[in-house]
Amino acid sequence: MNGFQRAAAALLVAVVFAGPARAGADPKDGESIDSIMNAVYDVISGPAGEARDWDRFRALFIDGARLIPRAPKNPAGAVVLTPEDYITRSGPVLERDGFFEQEIGRKVDQYGDIAQVFSAYAAKRNADDAEPFMRGINSFQLMKHEGRWRVVTIFWQAETPDNPVPEEYLAE
């Protein structure tokens, strides 16, 4: 193999393994754990009648990522969704009714390029509602790859009267 052939082969390998840039990706969204967390809450939040930036949402996740709401009435106890499933299932409701999810506390455990974030949340229909209609905990698994944090999994459970959000997750 001559020098030109080696260079062409190296370029082909680089293109194949680098993969395409994700549409809607904002490089700032994955700069830090804070930025990826803020991006997730930001992209799903907005008033009724306002479309969400679903391309940006998709760009926050690794390929094969999962979103898993705890669903006690489901025979499996949970529902496993891809980001695309979440958009199809929840997008119309978020956009129709309005939805503002805000982080109200966080606990982070990190080892190298992986992080587990317990993120307590409060959800409102309107940004200025006095009280949330729902609270709970989102359990995020994050991975840093090629200098950027992305979501691997979000597993969440809503607060109930007999299972309130523990105080330790309500303050950073």
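Trainee: Which residues are linked in a network of salt bridges?

Mentor: D29, D42 and R56 form that network. Keep in mind that this is a predicted model, where local features need pLDDT of at least 70 and side-chain atom pairs count only at pLDDT 80 or more, while totals for chains, interfaces and linings use all residues. Residues are numbered from 1 along each chain as its sequence is written, and side-chain values use heavy atoms, with hydrogens and water left out.

Trainee: What makes R56 and D29 a salt bridge?

Mentor: The term asks for a side-chain nitrogen of Lys or Arg within 4 Å of a carboxyl oxygen of Asp or Glu. For R56 and D29 the closest N and O atoms are 2.9 Å apart, so the pair meets that definition. R56 lies in helix α3 (residues 54-59) and D29 in the loop between α1 (3-18) and α2 (33-44), so the bridge ties together parts that are 27 residues apart in sequence. Helices here are DSSP runs of H or I with at least four residues, and strands are runs of E with at least two, numbered from the N terminus.

Trainee: And what links D42 to R56?

Mentor: Their side chains meet in a salt bridge at 2.6 Å, N to O. D42 sits in helix α2 and R56 in helix α3, 14 residues apart.

Trainee: Why is R56 called buried?

Mentor: Buried means under 20% relative accessible area, exposed means over 50%, and partly exposed is in between (1.4 Å probe, protein chains only). R56 has 16%, so it is buried. D29 is buried as well. D42, at 45%, counts as partly exposed.

Trainee: Where are D34 and R106, the other pair I noticed?

Mentor: D34 is in helix α2 and R106 in strand β2 (residues 100-111), 72 residues apart. Their side chains meet in a salt bridge with an N to O distance of 2.4 Å.

Trainee: Is R106 buried or exposed?

Mentor: R106 has 11% relative accessibility, so it counts as buried. D34, at 43%, is partly exposed.

Trainee: How many salt bridges does a search of the whole structure find?

Mentor: The search finds nine.

Trainee: Why is T153 called buried?

Mentor: Its relative accessible area is 17%, so T153 is buried. T153 belongs to strand β5 (residues 148-158). Leaving out residues up to four places away in sequence, T153 touches R66, I68, S139, F140 and Q141, where contact means heavy atoms within 4.5 Å.
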